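This briefing sets out selected features of one protein structure, grouped by topic. Please read it alongside the sequence and the coordinates.

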Amino acid sequence: MTEGVALLIRGGRVIDPANRYDATADVLIVDGVIHAVGRFDAPAEARIIDADGLVVAPGLVDMHVHLREPGYEYKETIAGGAQAAAAGGVTSMACMPNTRPVLDDIGVVRFVLDRANDALVNVFPIGAVTKGLRGKELTEMGLLQREGCVAFSDDGFPVMDSGVMRRALEYSRAFGALVIQHAEDTGLAGCGCMNEGLIATRLGLPGIPSESEEVMVDRDIRLARLTGGRYHVAHISTRGAVNAVEAAQKEGLPVTCEAAPHHFALTDEAIGDYDTNAKMAPPLRSSDDRAAVLEALSRGSVSVIATDHAPHDLDSKRVEFCKAANGVVGLETMLPVSLELVRDGVLDLSACLATMTCNPSRLLGIDRGTLSEGRPADVVLFDPDESWTVRAERLHGSARNTCFHGRRVKGRVKMSIVAGRVVFEDRPDVSF
Ligand SMILES: [Zn+2]
């Protein structure tokens with residue numbers, strides 16, 4: 001571990017979207033905070049990191065991560081998830097409350113924060129909207145927020161009851177909290193296990209219509225209008241849902257959404273021969289849905305990229321397709337897969353990084369995702385040109401359920417720094 005008083009990252013292309021900064025420069029870190037960005041002589045005692053040829057950016061912020069502790073440590077621990085994050089350049093992650101017990105009371109929030117203290121990266125808990133994620137009774141959101149929760153969600157489940165969702169949006173408004181919805185009408189989704197369409201028909205699998213997401217987003221936008229609450233759609237995946245969010249934004253409603261790399265990089269064709277590592281909720285959609293998400297990213301109406309990192313043990317995935325657990329890991333492939341958006345002209349590099357740094361930080365109200373002076377020194381250094389092949393067995397986290405196994409990607413994390421401490425370094429002779 002390197003824990004120095006001063007760290008000088010020298011000569012990289014420093015991109016800080018929050019400050020519209022993009023130039024060759026040095027970043028000086030003193031006592032764990034960003035001291036300055038510019039050109040300097042190194043302080044006598046500083047460790048110097050040569051960033052020539054690398055991009056130096058704020059550490060990534062992933063606002064949608066499933067840490068499996070407490071309750072499902074056999075899938076991945078908080079420490080294990082943090083290791084995957086560090087290797088992926090993700091220095092802050094917001095974790096969803098579907099643990100056992102659920103993150104619906106301050107005791108569990110304290111437990112997670114306590115565990116997170118020893119983890120390599122920052123963890124910001126998201127509290128449950130309803131007790132036990134049962135969709136009936138609201139949690140004490142105010143207390144949970146005071147304890148450190150940065151948003152509220154029943155993710156994994158939708159808040160199905162319209163009255164409960166209305167009250168959640170009303171109640172959260174009192175303290176400006178963000179309500180994140182896993183938008184899925186469970187009645188319409190039924191027993192479906194993949195996107196409804198030609199491929200599902202060909203594979204003989206029951207489908208989930210895109211309407212299951214759209215009906216919920218439409219309803220919620222009406223409730224956001226009624227209440228003025230801040231509403232955020234998790235892992236948006238269909239054209240209709242994107243259109244609804246854009247219309248709401250045009251109207252000036254506090255409505256936002258995020259997209260997951262698998263939804264903008266893949267379609268339901270990736271299921272191939274019943275590959276359970278391509279099974280998640282919402283499912284991989286059609287090429288037209290994918291195109292809609294890409295267009296929305298380029299317009300900025302999808303302002304956040306978040307992974308929905310959902311580690312699973314092998315047994316949960318080595319079963320027939322419909323019975324397999326939903327979810328894929330994503331922390332270690334977030335950056336290179338998102339950089340495909342730059343290669344393909346969807347976003348420029350700074351805008352792409354904004355979706356993974358300052359944009360989610362602003363939504364969550366956390367002081368991360370920027371290289372502004374005085375902020376915690378969370379930084380990622382990556383080589384934008386280095387190509388590599390994703391190999392499930394080489395991931396740093398505990399789980400192997402990636403849907404990008406075998407994908408050739410470009411852009412490799414070289415170093416991750418959290419509060420001035422190097423937590424990952426891409427060197428074969430160094431292990432953390
Ligand atoms: Zn979800």
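Donors are N, O and S atoms within 2.8 Å of the metal (3.2 Å for Na, K and Ca); water is not among the atoms, so sites may look incomplete. Along the chain, the donors of the zinc ion follow the spacing D-x26-H-x52-H. The model is a predicted one, in which local features need pLDDT of at least 70 and side-chain atom pairs count only at pLDDT 80 or more, while totals for chains, interfaces and linings use all residues. Residues are numbered from 1 along each chain as its sequence is written, and side-chain values use heavy atoms, with hydrogens and water left out.

**Zinc site**

- Asp155 (OD), His182 (ND1) and His235 (NE2) are the protein donors of the zinc ion, at 2.0 to 2.2 Å from it.
- The pair His182 and His235 links distant parts of the chain, being 53 residues apart. His182 lies in the loop between strand E11 (178–181) and helix H5 (186–189), and His235 in the loop between strand E14 (230–233) and helix H8 (239–250).
- Helices (H or I, at least four residues) and strands (E, at least two) are DSSP runs, numbered from the N terminus.
- His182 is buried, with a relative accessible area of 3%, and His235 is buried at 2%. Buried means under 20% relative accessible area, exposed over 50%, and partly exposed in between (1.4 Å probe, protein chains only).

**Helix packing**

- Helix H7 (residues 211–227) and H8 pack at an angle of about 15°, with their axes 8 Å apart. That makes H7 roughly parallel to H8.
- Axes are lines fitted to C-alpha atoms, for helices over the stretch in contact, and angles run from 0 to 180 degrees between N-to-C directions. Angles under 35 degrees count as roughly parallel, over 145 as roughly antiparallel, 65 to 115 as roughly perpendicular and the rest as oblique.
- H7 passes H8 in a right-handed crossing. A crossing is right-handed if the near helix is turned clockwise from the far one by less than a right angle, and left-handed if anticlockwise.
- H7 contributes Glu213, Glu214, Val217, Asp218 and Ile221 to this contact, and H8 contributes Arg239, Gly240, Ala241, Ala244, Val245 and Ala248. Contact means heavy atoms within 4.5 Å.
- The residues of the contact of H7 with H8 comprise six nonpolar, one polar and four charged. Ala, Val, Leu, Ile, Met, Phe, Trp, Tyr, Cys and Pro count as nonpolar, Asp, Glu, Lys and Arg as charged, and the others, Gly among them, as polar.
- The axes of H4 (162–173) and H7 come within 9 Å and cross at roughly 40°; H4 and H7 are therefore oblique to each other.
- H4 passes H7 in a right-handed crossing. The residues in contact are Ser162, Met165, Arg166, Leu169, Glu170 and Arg173 of H4 with Arg219, Asp220, Leu223, Ala224, Leu226 and Thr227 of H7.
- By class, five residues of the contact of H4 with H7 are nonpolar, two polar and five charged.

**Helix H12**

- Helix H12 (residues 334–343) is mostly covered, with eight of its 10 residues buried. The buried residues are Met334, Leu335, Pro336, Val337, Ser338, Leu339, Glu340 and Leu341.

**Loop residues and their contacts**

- Phe175 is in the loop between H4 and E11 and is partly exposed, with a relative accessible area of 23%. Not counting residues up to four places away in sequence, Phe175 touches Met141, Gly142, Gln145 and Phe152.
- Ala310 is in the loop between strand E16 (304–305) and helix H11 (314–317) and counts as buried at 4% relative accessibility.
- Ala310 and Val65 are 245 residues apart in sequence and 6.8 Å apart in space, C-alpha to C-alpha.

**Backbone geometry**

- Most residues other than glycine have a negative phi, and most peptide bonds are trans.
- A cis peptide bond joins Glu69 and Pro70, with omega about 5°; another cis peptide bond joins Ala281 and Pro282, with omega about -5°.
- Asp308, which is not a glycine, has a positive phi of about 60° and counts as buried at 9% relative accessibility.
- Ala419 has a positive phi near 50° and counts as partly exposed at 39% relative accessibility.
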